[in-house]
Amino acid sequence: PIVLTSYNWESQPTEVVTTASLEELAAWNKTPAGELCAKNPSWQREDCDKLVDGRIWIGMTYDMVVHFMGKKPDSINPSNYGGYTKYQYCWTGANPSCFYDENEDNIIDAFN
């Protein structure tokens with residue numbers, strides 16, 4: 001097995017053991033998802049698989065949404081709440097059309 005070290009939100013190292021062989025990993029690296037992850041090394045394998053499959057989810061990063069939509073947003077609407085800013089990122093004519101970052105962490109909290 002391959003042992004990978006990753007970090008959770010509290011920056012605590014955790015070991016993830018996968019049963020993928022080196023050959024399986026090399027084959028996946030040649031897929032569209034593998035190539036996408038190679039260009040975005042901070043993204044997880046599961047995220048790249050989802051993006052290539054055309055899926056969206058709560059927890060995507062802003063950069064993942066831009067990749068998914070194929071371009072930067074047509075409008076970015078910040079709302080200041082006295083101490084933090086909420087962001088609405090919108091694409092004209094798209095479905096879903098808007099994605100929301102509710103706490104300035106670059107992670108999508110909602111979309112519609």
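Strands here are DSSP runs of E of at least two residues, numbered from the N terminus. The legends below describe close-up views of a predicted model.

**View 1. Threonine 85 in strand 4.**
Threonine 85 belongs to strand 4, which covers residues 85-90. Threonine 85 has a relative accessible area of 13% and is therefore buried, the cut-off for that class being under 20%. Apart from neighbours within four places in sequence, threonine 85 contacts Pro78, Ser79 and Asn80, and also Asp101 and Glu104.

**View 2. The hairpin of strands 3 and 4.**
Strand 3 and strand 4 make a hairpin, with four residues between them. Glycine 82 lies in the turn and has a positive phi of about 65°. Serine 79 has lysine 86, in strand 4, as its bridge partner.

Cysteine 90 has cysteine 98 of strand 5 as its bridge partner. For tyrosine 87, the bridge partner in strand 5 is aspartate 101.

**View 3. The salt bridge between glutamate 102 and lysine 86.**
A search of the whole structure finds four salt bridges. In the one shown here, glutamate 102 pairs with lysine 86, and their closest N and O atoms are 3.1 Å apart. This pair links distant parts of the chain, 16 residues apart: glutamate 102 is in the loop between strand 5 (98-101) and strand 6 (110-111), and lysine 86 is in strand 4. Glutamate 102 counts as partly exposed because its relative accessibility is 29%. Lysine 86, at 23% relative accessibility, is also partly exposed. Side chains of opposite charge can pair when their charged atoms come close.

**View 4. The salt bridge between lysine 50 and glutamate 46.**
Lysine 50 and glutamate 46 form a salt bridge in which the closest N and O atoms are 3.3 Å apart. Both residues lie in helix 3, four residues apart, which is about one turn of the helix. Lysine 50 is buried, at a relative accessible area of 16%, whereas glutamate 46 is exposed, at 52%.

**View 5. The salt bridge between aspartate 53 and arginine 55.**
The side chains of aspartate 53 and arginine 55 form a salt bridge, with an N to O distance of 3.3 Å. Aspartate 53 has a relative accessible area of 54%, so this residue is exposed. Arginine 55 is partly exposed, with a relative accessible area of 41%.

**View 6. Glycine 59 in the loop between helices 3 and 4.**
Glycine 59 is located in the loop between helix 3 (45-52) and helix 4 (62-69). Its relative accessible area is 33%, so glycine 59 is partly exposed. Leaving out neighbours within four places in sequence, glycine 59 contacts Ile107 and Ile108. Glycine 59 and asparagine 106 are 47 residues apart along the chain, and their C-alpha atoms are separated by 9.2 Å.

Key. Residues numbered from 1 in each chain as written. Predicted model: local features only at pLDDT ≥ 70, side-chain atom pairs only at ≥ 80, totals over all residues. Heavy atoms only, no water. Buried < 20%, exposed > 50% of the residue type's maximum accessible area, 1.4 Å probe, protein only. Contact = heavy atoms within 4.5 Å. Pairing = 2+ DSSP bridges.
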